Amino acid sequence: MEQAKISVLIPVYNTKRTLARCLDSVLGQTLKDIEIICVDDGSDGETKAALRAYADRDGRIRVLTHAENRGLLYARKTAIEAASARFCMILDSDDEFVPNACERAYREIVKRKADVVQFGTEIVCEEGVPESAAAPMRRCVRVKKGALRGEKIFSVLMGAGDSRWNLWNKIYETELLRRAAAYIPEKKCVMAEDFMISFIVLAEAERFFGIKDKLIRYSFGNGVSTASVRGKSGYIWFARRETACKAAEAYLSDRKRGGQYSEALQNWRKEFFRSTLYAWLYECPAEYSAEIFDEIVSEYGAEAAAEELVKTFGAWRAGEIAKKMSGARCLQTERKEIKTVAFFYHRYYNGGVERVMSLLIPKFQSWGYRTVLLVGEKNAKDYPLPENCPKIVLPTSIECGGEGYAKHAKALGEALRKYGVDALLYQAASSECLLFDMLVAKGCGVRFYVSMHEAFGLPLMLRGQAFASSPYILRLADGVQTLMRSDAALLCANGINAHYITNPVDFAVAGERSPAGKNIVWVGRFDDRQKRPRDAIRILAEAVKSVPDARLTLVGSSGSRAADALYKEFAKECGVEKNIVFAGFAADPSRYYAEASVLLITSSFETWSMVLLEGMSRGLPAVVYEMPYLETLRENGGCICVEQGDVWAAARAVTSLLTDETKRAAMADCSLAAAKKFASADLRGGWEGMFCGRAQCAADENDLRIGMQSLSDFYGRSFFGNGGGGVVAKGLRYWKTHGFFRTVSRTVLYVRQNGLKGTVRRIFGK
């Protein structure tokens, strides 16, 4: 036979049902001097027999065989390398050419002196497939009619979000295909293979022409890309489209090409990644979703997966995402010895979590661990750090979304690798980024432990969606520290490796009671949502009716002079400005405890309450809003607990302690005894027990009862909560009390302090 004008390349894999139709359409071409290269990609016996029969019947058919299935991309590589004609056309074994396809395509590419000629496609829907389902494919195969030259070929056919890069609706210079085939990897790939070859071909092409003639009949609903994606292997191939992108990336690197080529590659890579994640989250069956997620992480990396999950779905879907991840091997870290421990929180000043870290880091060092501190911001008021503990400031992750999170994730991964971190103690259990930071850490081989500085059920009151997500996310952690036995019981019942470990204390328990007198101390952040200093002012206003010389020292600040001024104005409105001292924030409030006779705590919720422990260590009896889940309040005779928000009951309790020295002295002794118990806790044993995988002891029935009671209480105080605890109810009450102008002014101040997003989330719980 004379030199063939066209090589028709047909990869074949288990397509006996459609193979005859395909080969008959090629053998019946009006252009006879063609060669037909069929690559048997490890097909079954029936398909092999059919190929042999056709090859025996017509000498133009050459059959090349792969001993095992190598995938469509590699099968095309084999065919391209074997082609002997000047031009090539590619056909899938479930499609067919119209009778004059080769002749018409050959005449056009010779006439136009083109490298690539595109022709039209007739889409034929298989039985049972609605015509509407083929609409996206029809957009992909539309023809760019006429001529294109140089870089415009790539920009029109591959750039700007276009997708006219199907291989089988074109005729090519064979040499052009060979340049692309050189970059086809050994790794099996059956999706986006058109993309990889077309990307290089269209970048290399100098002359393109498009004709409207429909020369191929494409069978929609019959191929690998559409039929098998519903099975496990289909999702795996979907995830492996990154293989094609990496091949295109290697080409750009070799040819030192950037600009529109690099930009187009990144855009397509993002599109492939995003569609892969959508398919995984919304379509992939639970039975193999973990395996598919492992495939995604294997292809893209844990850090990139975390970034794209945030961009694509947002943090509010974290629980749903965690549920689908459950069981993935990429989340299981090696049980190696822990030598370097990193601590993470948003900041390192002015707060209880920050204070705890400042105490815990030196303790870990004294136990022989190297330590690293990771924070979202640096401040002149930061607590001191040991000299050999580096402080790394990461891009903030408080607002979890978009490019901001991508920068944070990259910096987090770099820090964990640079300092050889073995375990990350994550102090921000309520962070939107918890799940995604966990994925980054585990991708670095770092074990991930969560410290819960808030009650497990607290999100029921503040962020309902966060509570629903929490169990799924925490199950993926290597361990969870709780500050309450009741929370440990609830978490363990949810399949979470939870351990009750107390926080450290940095004070010696005094050997004597607090002094007698009429001084009350309140310590905390000026925050009406949690600490409620206004309630402390109201309580004083009631107490002075019986004890006129009672004094209240408020130790703390909101961080804003304008906001602090509102509290002073409120004290004036209550008529007790002369009985109150606004002491401001104090890193060490010990002198205020030493001068006080009674400690007042008006928090709507706490998890540990370092303030209560500090007061107890000074022999201070306390009046506290009821929080039965707090370990510091359980079996503690040094505290009088009153119902949440009951200002009058709290005022009566304060008055009784200020006027009854015998009662105050007895309760002071109880406070000192309770403080000694917490000061002697075995912190090292608790942490190292969790590190070595020791099982959490089963909780008793009382712990579970308290835990369930707390959940019910938090839920009862959510949004429009009991006693007007909800945001809307509080706003309406404030309007009624202070009028329109004051309400608007206060709202503006709140928005300035918390930002628009923070305000919206506070109102709607998102």
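1. Which residues of S1 are buried on one side, and which on the other? Ile 6, Val 8, Ile 10 and Val 12 lie on one side, with Ser 7, Leu 9 and Pro 11 on the other, and all are buried. Buried means under 20% relative accessible area, exposed over 50%, and partly exposed in between (1.4 Å probe, protein chains only).

2. Residues are numbered from 1 along each chain as its sequence is written, and side-chain values use heavy atoms, with hydrogens and water left out.

3. On confidence: pLDDT is the predictor's confidence in each residue, from 0 to 100. The protein has a mean pLDDT of 86, and 86% of its residues reach 70 or more. Confidence is lowest in helix H9 (residues 224-227), at a mean of 43, and highest in strand S13 (residues 423-426), at 98. Over residues 224-229 the pLDDT stays under 50, and the model has 11 contacts for them beyond four places in sequence. Contact means heavy atoms within 4.5 Å. Where pLDDT is low, the predicted coordinates should not be read in detail.

4. On the overall make-up: the protein has 30 helices and 22 strands. Helices (H or I, at least four residues) and strands (E, at least two) are DSSP runs, numbered from the N terminus. Of the 766 residues, 57% are buried. Among contacts with a separation of 6 or more, 77% join residues 24 or more positions apart.

5. On the neighbours of S1: two strands pair if DSSP finds at least two bridges between them. S1 pairs in the parallel sense with strand S4 (residues 87-90) over 4 bridges, and Ser 7 has Cys 88 of S4 as its bridge partner. S1 also pairs with strand S2 (residues 34-41), again in the parallel sense, over 7 bridges. Here Val 12 stands opposite Asp 40 in S2. From S1 the chain passes through helix H1 (residues 16-27) to S2, a β-α-β crossover that is right-handed. That word applies if, with the strands pointing away from the viewer, the path from the first strand over the helix to the second runs clockwise.

6. On the cores: a nonpolar core is a set of buried Ala, Val, Leu, Ile, Met, Phe, Trp, Tyr and Cys residues joined through side-chain atoms within 4.5 Å. The largest has 147 residues, of which Phe 195 and Leu 374 touch the most other members. Helix H12 (residues 259-282) gives this core its largest share, 10 residues. Leaving out residues up to four places away in sequence, Phe 195 touches Met 158, Trp 165, Ala 244, Cys 245, Leu 265, Trp 268 and Phe 272. Another core lies apart, with 41 residues, including Leu 51 and Tyr 54.

7. On helix H18 (residues 434-443): 9 of its 10 residues are buried, among them Asp 437 and Lys 442. Gly 445 follows H18 and has a positive phi, near 75 degrees.

Notes:
This is a predicted model: local features need pLDDT of at least 70, side-chain atom pairs count only at pLDDT 80 or more; totals for chains, interfaces and linings use all residues.
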